[in-house]
Structure formats: C-alpha cells, structure tokens
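Please keep the sequence and the coordinates in view while reading.

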Amino acid sequence: LEWTNNADKKVLISIQGDDAAEMMISDKVSFEGADWKPYVNTIENFILPGEDGEKNLYLVLRDEAGNVSRPAHARINLKRSF
C-alpha cells in the first residue's frame with residue numbers, strides 16, 4: 001500500500017511491460033469506461049479519483065497480437081489533510 005498527500009491528487013505510475021503496445025488503467029476492476037491507450041512505462045501526474053481514502057488502480061496490457069495480460073492491481077492511500 002502506497003501513500004500520498006499530494007494536494008492535487010497526482011501520483012507517478014511506473015509500468016513494466018516488455019511486449020506491451022497498449023494499456024488500460026482504471027479505478028474499476030471491470031475497466032468500465034476505460035479506453036486502450038498507447039503503452040508508456042511512466043505516467044506522471046496521474047490524478048486519483050474521488051476524495052481522500054484508499055484508492056484501487058487496475059492495469060491491463062495488450063501486445064501487438066492482441067493478447068491481454070491479467071489485471072495488475074495497486075492500492076494507494078490518499079490523505080491530503082491531517
């Protein structure tokens with residue numbers, strides 16, 4: 001479980017996907033409303049959804065042949081005030 005207190009709810013996401021061509025990130029395990037985007041290994045200033053509290057992020061990767069990875073999961077706790 002990672003923590004952040006960034007006032008703008010921004011975090012850095014690092015991704016390792018050797019053969020990935022595209023990726024999808026969502027706060028929903030169903031990936032509802034998420035779109036495939038070109039693969040990058042770093043997303044700077046990703047804005048966490050909602051208010052303070054525990055956030056769950058899910059990631060799937062897709063290669064050129066269309067094979068989709070199993071979902072990866074990360075938990076981030078956002079606490080902007082003490």
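**Fold, sheet and pockets**

Read along the sequence, the chain follows the pattern β-β-β-β-β-β-β. Helices (H or I, at least four residues) and strands (E, at least two) are DSSP runs, numbered from the N terminus; on this basis the chain has seven strands and zero helices. The model is predicted, so that local features need pLDDT of at least 70 and side-chain atom pairs count only at pLDDT 80 or more, whereas totals for chains, interfaces and linings use all residues. Residues are numbered from 1 along each chain as its sequence is written, and side-chain values use heavy atoms, with hydrogens and water left out.

Taken along the principal axes, the box filled by the C-alpha atoms of the chain is roughly 50 × 25 × 20 Å. Of the 82 residues in the chain, 28% are buried, where buried means under 20% relative accessible area, exposed over 50%, and partly exposed in between (1.4 Å probe, protein chains only).

Strand pairing requires that DSSP find at least two bridges between two strands. An open sheet with mixed pairing is formed by five strands in the order β1-β7-β6-β3-β4. Because β1 (2-4) and β4 (37-38) stand at the edges with a single partner strand each, one side of each is left without a neighbour in the sheet. Within this sheet, β3 and β6 run antiparallel and are joined by six bridges; Ser-26 has Tyr-58 in β6 as its bridge partner. Strand β6 also contains Leu-61, which is buried, with a relative accessible area of 13%. The C-alpha atom of Leu-61 is separated by 5.8 Å from that of Ala-20, although the two residues are 41 residues apart along the chain.

Another antiparallel pairing links β2 and β5 over four bridges, and Lys-10 has Ile-47 in β5 as its bridge partner. On β2, Val-11 and Ile-13 form a covered face, while Lys-10, Leu-12 and Ser-14 form an uncovered one.

On a 1 Å grid over the protein atoms alone, a pocket is an open set of points where a 1.4 Å probe fits, with protein on both sides within 12 Å along at least five of seven lines, and lining residues have an atom within 4 Å of a point. Grid points are joined across faces, edges and corners, and a volume is the space filled by probe spheres set on the points.

The largest pocket has a volume of about 320 Å³. It is lined by 17 residues, of which Ile-13, Ser-14, Ile-15, Leu-59 and Ala-74 are the closest to its centre. At least two lining residues come from each of β2 (10-14), β6 (53-63) and β7 (72-78), and β6 gives the most, with five. With Ala, Val, Leu, Ile, Met, Phe, Trp, Tyr, Cys and Pro counted as nonpolar, Asp, Glu, Lys and Arg as charged, and the others, Gly among them, as polar, this lining comprises twelve nonpolar, three polar and two charged residues.

The second largest pocket holds about 160 Å³ of space. Its lining has 13 residues, with Ile-25, Ser-26, Ala-34, Asp-35 and Lys-37 nearest its centre. Strand β3 gives the most to this lining, with four residues, and the lining divides into six nonpolar, two polar and five charged residues.
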